[in-house]
Amino acid sequence: MVKMKNFKSGAGYFMVLPYIIYFLTFVAYPLIFSFILIFHRWNIATPMEFIGFKNFIRLFNDELFFKSIFNTLVFLSVHIPLQVFIALFFAQLLNQKIKMKGFFRSLYFLPVVVSGVVVTILWQQMYAYETGLINQVLVEAGFKKIPWLVSPELAMPSIAVMATWKNVGFYIVIFLAGLQSIPKELYEVAEIDGASSFQKFFKITLPMLNPTVVLVVVLSTIGGFSLFIEPYIMTGGGPMDSTLSAMLYIYNQAFYFNHMGYAATLGFFFALIILTVVIIQRKFIERRIY
Amino acid sequence: MKGKVLTYFILVIGALIFAYPFLWMVFATLKPEIEIANIWVFSKNISFKNYSIVLNKIPIIRAFFNSLFVSLSVTFSVIFFGSIVGYALSKLNFRGREFLLILILFTMMIPFQITLIPTYILIAKLGLVDTYAGLILPGMMSSFSILVFRQFFLTIPDSLIESARLDGCNDLQILFKIIIPLSKPAVSTVGILTFMSSWNEVLWPLIVIRNEKLMTMPQLVTIFVVGGQAGSQLGVQLASATLLALPIVIAYSFFQRYFIESMATVGLKE
């Protein structure tokens, strides 16, 4: 028996060895190295220069970085409520006896599989002020043209709407799975008690769906914090830095200006913000609904 | 009955909102520049000129094969190593197993923003900038996939493994001859998710690849559009976007159900 166990143990170590190597190289080393980088000035070409806490001092005086975080939060504050509301709405519609349910689900899911690059190039045209599809439809319907990407106030919310369009199919599928896991008996009992469909939604569906709502909020938050390619292609961060996301700013610092030490400090600080927000969200939503 | 009609009406509007822009895009690439802005898809002057401009200006066919090579390598590697580690974590006893599991869960929580720049520096120091290895190596394993395999393997009875072991199979043989054929749902989930995210990845290629010949498809199209090579010609930009969308849309139209089901499992992995 003891021999058998040893044999298994050896096989176990042998089989996890590749992961250990991967972990040390691409997780542990970058993590440790980022702790070193944040105390240095470095452009990769010349030797590293130790500068103590200067990167942090610079960060706390860097208005553009805080603006980029603010912009990212603007994005999230439009994106997340929209995403949860629309996804839940369509999931509810699809969670009935419906012909061609699979067909609708597949179509809604289409933007999810397509590259964000495609979606962004397409929406850049759709948002164009004079010739864009959306403004043309608005003019036909008797409304005024909207300066989607031209106005500094609207540009980031416009990107958030586009991102919602791209991702919402994924969250519809997740909500559908959540809805289908709610026991039918709950609704039957409620119906016997004479509950309206409004009451059923707020007293049964929403509380039972809480874990799914938390998941959707957390996943869209993490996704939203990595907002990069959309503003990179669409606006380059403009107008007036209003769509400069934190990730785009870090990218520019690292790969445009070659400020590796400073960019690593920004990445480090930004990661802390992300973790904090996600932890707070979980606590907050999980408590509020129950 | 009235409610049903309204439901279908909203569902159809939804379908138009999600699908029409793509349809419009494909037709727009076939129109002359002055007609593109038209909301309707049809035109009398159809031509493939925009595509020939794209094909002449950028090596997009080569980029397609670069993307295919990188995505397939990453996907194969993630399945291969993911299943091996998942097997060890679910079916073998060794000291430190629980610790390793916690470590894997921990790595999933690290925001990539913190490791992005140090990982780039590592790749640069290894001389792997502008190589396929620079694109592939950091994606070769994924904690999420290990957990998907582990989760699935836990449902496979140990008696199967014991009897194979008595027949003289070693653990790798057991895994690849017995367990993997029984684990098609897990393999296809990991395969589709990994392939899709690798195919659509654009930030990492933008960072490690500068040589046009090695660029992946999304990267090449991004640089084509942002870098001004496409000029202000909308038809050409949209043609490059259409070419970029095409492979994954074709794959999706064949394997829709698998795509959707794989993505839905992300929701169940809490």
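In the predicted model examined here, the C-alpha centres of domain 1 and domain 2 of chain B are separated by 33 Å. Domain 1 of chain B covers residues 2-47, and domain 2 of chain B covers residues 58-268. Where the two domains of chain B meet, 7 residues of domain 1 and 8 residues of domain 2 take part in the contact. The area buried between domain 1 and domain 2 of chain B comes to about 570 Å², with carbon and sulfur atoms contributing 77%. On the side of domain 1 of chain B, the greatest losses of area to domain 2 fall on B:Met25, B:Thr29 and B:Glu33, which together account for 68% of what that side buries.

The polar side of this contact within chain B was examined next. Between domain 1 and domain 2 of chain B the count of salt bridges is 0, while 2 residue pairs are in polar contact, with both residues at pLDDT 80 or more. Sorted by class, the side of domain 1 of chain B that touches domain 2 consists of 5 nonpolar residues, 1 polar residue and 1 charged residue.

The size of an interface is often expressed as the accessible area that is lost when the parts come together. For chain B and chain A this buried area is about 7,900 Å², and 82% of it lies on carbon and sulfur atoms. The contact draws 88 residues from chain B and 87 residues from chain A. Helix α13 of chain B, residues 234-268, supplies the largest share of the side of chain B that touches chain A, namely 16 residues. By class, that side of chain B divides into 66 nonpolar, 14 polar and 8 charged residues.

Aromatic pairs were searched for over the whole structure, and 50 were found over all chains. One of them is formed by A:Tyr108 and B:Phe18, a tilted pair whose centres lie 5.2 Å apart and whose planes make an angle of 50°. Because A:Tyr108 belongs to helix α4 of chain A (residues 101-113) and B:Phe18 to helix α1 of chain B (residues 2-28), this pair joins two chains.

Over all chains, the structure contains 8 salt bridges. Among them is the one between A:Glu130 and A:Lys145, in which the closest N and O atoms are 2.9 Å apart.

Two features of the backbone of chain A complete the description. The peptide bond that joins A:Gly238 and A:Pro239 is cis, with omega at about -10°, and A:Pro239 is located in the loop between α11 (229-234) and α12 (246-256) of chain A. A:Ile44, which is a residue other than glycine, has a positive phi near 75°, and A:Ile44 lies in the loop between β1 (40-41) and β2 (49-50) of chain A.

Note on methods. Residues are numbered from 1 along each chain as its sequence is written. Chains are lettered from A and ligands numbered from 1 in the order in which they are written. This is a predicted model: local features need pLDDT of at least 70, side-chain atom pairs count only at pLDDT 80 or more; totals for chains, interfaces and linings use all residues. Side-chain values use heavy atoms; hydrogens and water are left out. Domain bounds come from an automatic or database domain assignment. Contact means heavy atoms within 4.5 Å. Buried area is the accessible area (1.4 Å probe) that two parts lose on being put together, summed over both. A salt bridge is a side-chain nitrogen of Lys or Arg within 4 Å of a carboxyl oxygen of Asp or Glu. A polar contact is a pair of N or O atoms within 3.5 Å; within protein, one must be able to donate a hydrogen and the other to accept it, and residues adjacent in sequence count only if both atoms are side-chain atoms. Ala, Val, Leu, Ile, Met, Phe, Trp, Tyr, Cys and Pro count as nonpolar, Asp, Glu, Lys and Arg as charged, and the others, Gly among them, as polar. Helices (H or I, at least four residues) and strands (E, at least two) are DSSP runs, numbered from the N terminus. Rings of Phe, Tyr and Trp (its six-membered ring) pair if their centres lie within 6.5 Å; planes under 30 degrees apart count as stacked, over 60 as edge-to-face and the rest as tilted.
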